[in-house]
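This briefing concerns the structure displayed below. Please keep the sequence and the model in view while reading.

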Amino acid sequence: MELSTTVSELRYALDTFFFLMSGALVMWMAAGFAMLEAGLVRSKNTTEILTKNICLYAIACTTYLVVGYNIMYVDNGSGGFFPSIGTLIGTQAEGADHSLESDFFFQVVFVATAMSVVSGAVAERMKLWSFLIFSAILTAFIYPMEGYWTWGGGFLSEAGFSDFAGSGIVHMAGASAALAGVLLLGARKGKYGKKGQIYPIPGSNMPLATLGTFILWFGWFGFNGGSQLMVSDFENATAVGQIFLNTNAAAAAGAITALFVCKSTWGKADLTMVLNGALAGLVAITADPLSPSPLAAVSVGAVAGALVVFSIVGFDKIKIDDPVGAISVHGVCGFFGLMVVPLSNSDATFGAQLLGAVVIFAWVFGASLVVWAVLKATVGIRVTEEEELEGMDVHDCGIDAYPEFVSVK
């Protein structure tokens, strides 16, 4: 066997392994979302939110395999508006850098991440089965369409829109779908008073929420690092190192800034805001974790960490009830991340970034609003007042997450 062939096969194997391990890290983020959301909802809704998270992941893996991946990537022309919808996964191209199956696995965990954003925002009052139906539609059709326009080589890609690992394509898209659902769903009972009062509804388990944040932070190294797609030569290996550094720096800066904003505003170190500050930094740097210098990445994370605090408070003031702050973290900070890309990446323009952000939001929000409205008019999307009061664990799952806290008569 010739030396060049051996080197080519070794690079193929290494890049495929890198892709698979990065995908496995992103898959572990599903556990992070589950733990974060379980900690930030009340104990009576914990089993139900965990059921949503594992089921949405399973649904995303199935619908994206059967339909979504083919819409997003297979046999599509460049610069188009409508996908061709090719055969299942497709055929391995000769001379490819990595296996097509590893590419699919890496992509499917991204679509599951987008759907995970939705589950926290609509928590504690949405019907389980309506949520799961929506999960299938988002992962099979809504997300893959905007994915084709961007990463799949469609018209936004041709227009120069740049989103390295998905601040807009994944995170803002998930937040857009969540916002549409929340607007039709309404706030939780007791969250807002008739005279504009805002009543905090504390989460049940701060250790779980903190664990979930650390898991997400850890998984984000695969999310951003794996998006480099290769690691088998000097240039790409160096780039992955830079991506890891910047990703970590932005998250740390986001957490620190949120901490100081809370202390200076309310005199308290609000743990939930600190957790969301770290996630805000991660979301913002995801649009381009490679081009910025480490200090620039710190700046991006710091601004996002402050922005998310004011965004969460602002949504509360207009009575948009988001139990976990997902719309602020993934939507507002996802948009922010897109718009600062041109500051460090000369290939990106503010016009192309704004066009991409507007198209993604308009498509995902509009399509989701239609789906949520149809579900509301048919099977319904909100549980009854009695079910909400007693907790969704009992009515949807029949299992209490913390049975030792339940009194037995």
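This is a predicted model: local features need pLDDT of at least 70, side-chain atom pairs count only at pLDDT 80 or more; totals for chains, interfaces and linings use all residues.

Residues are numbered from 1 along each chain as its sequence is written, and side-chain values use heavy atoms, with hydrogens and water left out. The protein has 15 helices and zero strands; helices (H or I, at least four residues) and strands (E, at least two) are DSSP runs, numbered from the N terminus. Its radius of gyration is 21 Å, close to the 22 Å that the globule rule gives for 409 residues, so the protein is as compact as a globular protein of that length. That radius is taken over C-alpha atoms, and the globule rule is 2.2 Å times the number of residues to the power 0.38.

**Overall dimensions, surface and charge**

- Along the principal axes, the C-alpha atoms of the protein fill a box of roughly 75 × 45 × 40 Å.
- Of the 409 residues, 56% count as buried; buried means under 20% relative accessible area, exposed over 50%, and partly exposed in between (1.4 Å probe, protein chains only).
- The protein exposes about 16,900 Å², of which carbon and sulfur atoms supply 69%; accessible areas come from the Shrake-Rupley method with a 1.4 Å probe, and for residues only the protein chains shown count as cover.
- Among contacts (heavy atoms within 4.5 Å) between residues at least 6 apart in sequence, 78% join residues at least 24 apart.
- There are 18 positive and 31 negative side chains, and the centres of the two sets lie 22 Å apart. Lys and Arg count as positive and Asp and Glu as negative, with His and the chain ends not counted; the place of a charge is taken as NZ of Lys, CZ of Arg, CG of Asp or CD of Glu.

- Helix H10 (residues 294–317) has 24 residues and reaches 35 Å from its first C-alpha to its last, close to the 34 Å expected at 1.5 Å a residue; the expected span is 1.5 Å times one less than the number of residues.
- The buried residues of H10 include Ala297, Gly301, Ala304, Val308, Ile312, Phe315 and Asp316.
- Their cover includes helix H8 (234–266), helix H9 (271–285) and helix H11 (326–339).
- Lysine 319 lies in the loop between H10 and H11, and its phi is near 60 degrees, a positive value in a residue other than glycine.
- At 42% relative accessibility, lysine 319 counts as partly exposed.

**Buried residues elsewhere**

- Alanine 287, in the loop between H9 and H10, is buried with a relative accessible area of 1%.
- Leaving aside residues up to four places away in sequence, alanine 287 touches Asp163, Phe164, Ala165, Ser167, Gly337, Leu338 and Val341. Its C-alpha is 9.1 Å from that of isoleucine 169, 118 residues apart in sequence.
- Serine 162 sits in the loop between helix H5 (155–158) and helix H6 (167–185) and is buried, at 18% relative accessible area.
- Beyond its neighbours within four places in sequence, serine 162 is in contact with Leu338, Val341, Asn345, Ala348 and Gln353.
- Alanine 178 belongs to helix H6 and is buried, with a relative accessible area of 0%. Not counting residues up to four places away, alanine 178 touches Val118, Ala121, Val122 and Ile327.
- Glutamate 124 occupies the loop between helix H3 (100–121) and helix H4 (128–150). This residue is buried at 1% relative accessible area and has a positive phi of about 75 degrees although it is not a glycine.

- Aspartate 347, in the loop between helix H12 (341–344) and helix H13 (350–377), is exposed, with a relative accessible area of 69%.
- Threonine 51 is in helix H2 (residues 46–72) and counts as partly exposed, at 21% relative accessibility.
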